[in-house]
Amino acid sequence: MSGITSIASGSNKRGGITLSPEQLIIVDNVLGPDMITVVSAGAGSGKTRVMVATVLHLVDTQRDRIHIDDFALITFTNKATDEMRQRLEEGV
């Protein structure tokens with residue numbers, strides 16, 4: 001699995017954001033051939049952090065193919081939407 005390779009190589013950042021080993025596996029899975037991942041986790045577990053890191057990493061590493069406007073990011077609350085928007089704007 002690519003996530004395990006990334007962890008072994010010592011790189012714990014994606015999109016400039018430091019992630020836990022579990023979060024790295026999720027991001028690296030999205031970077032795989034399917035590029036679609038569903039993550040279900042409890043409040044405060046880092047879902048927004050992982051989503052923002054994934055988007056920023058893709059935009060940074062795939063500049064010739066992917067633009068920030070190519071994403072549809074879905075949240076369940078206005079607060080989460082505002083937080084995600086702020087994080088993305090700070091990272092881009």
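Mentor: What follows is a close look at helix 3 and the helices that it meets.

This is a predicted model, in which local features need pLDDT of at least 70 and side-chain atom pairs count only at pLDDT 80 or more, while totals for chains, interfaces and linings use all residues. Residues are numbered from 1 along each chain as its sequence is written, and side-chain values use heavy atoms, with hydrogens and water left out.

The mean pLDDT of the chain (the predictor's confidence in each residue, from 0 to 100) is 81, and 87% of the residues reach 70 or more. Over residues 1–9, however, the pLDDT is below 50, although this stretch has eleven contacts in the model beyond near neighbours in sequence (contact means heavy atoms within 4.5 Å). Where pLDDT is low, the predicted coordinates should not be read in detail.

Helix 3 spans residues 47–61, and its axis comes within 10 Å of that of helix 2, residues 21–30, the two crossing at roughly 45° (axes are lines fitted to C-alpha atoms, for helices over the stretch in contact, and angles run from 0 to 180 degrees between N-to-C directions). Helix 2 and helix 3 are therefore oblique to each other, given that angles under 35 degrees count as roughly parallel, over 145 as roughly antiparallel, 65 to 115 as roughly perpendicular and the rest as oblique. On the side of helix 2 the contact is made by Gln-23, Ile-26, Val-27 and Val-30, and on the side of helix 3 by Arg-49, Val-50, Thr-54 and Leu-58.

With helix 4, residues 78–91, helix 3 packs at an angle of about 35°, the axes being 10 Å apart. Here Thr-48, Arg-49, Met-51, Val-52, Val-55 and Leu-56 of helix 3 meet Glu-83, Met-84, Arg-87, Leu-88 and Gly-91 of helix 4.

His-57 also lies in helix 3, and this residue is buried, with a relative accessible area of 17% (buried means under 20%, exposed over 50% and partly exposed in between, with a 1.4 Å probe and protein chains only). Leaving aside neighbours within four places in sequence, His-57 is in contact with Arg-14, Gly-15 and Leu-31.

Note on methods: Helices (H or I, at least four residues) and strands (E, at least two) are DSSP runs, numbered from the N terminus.
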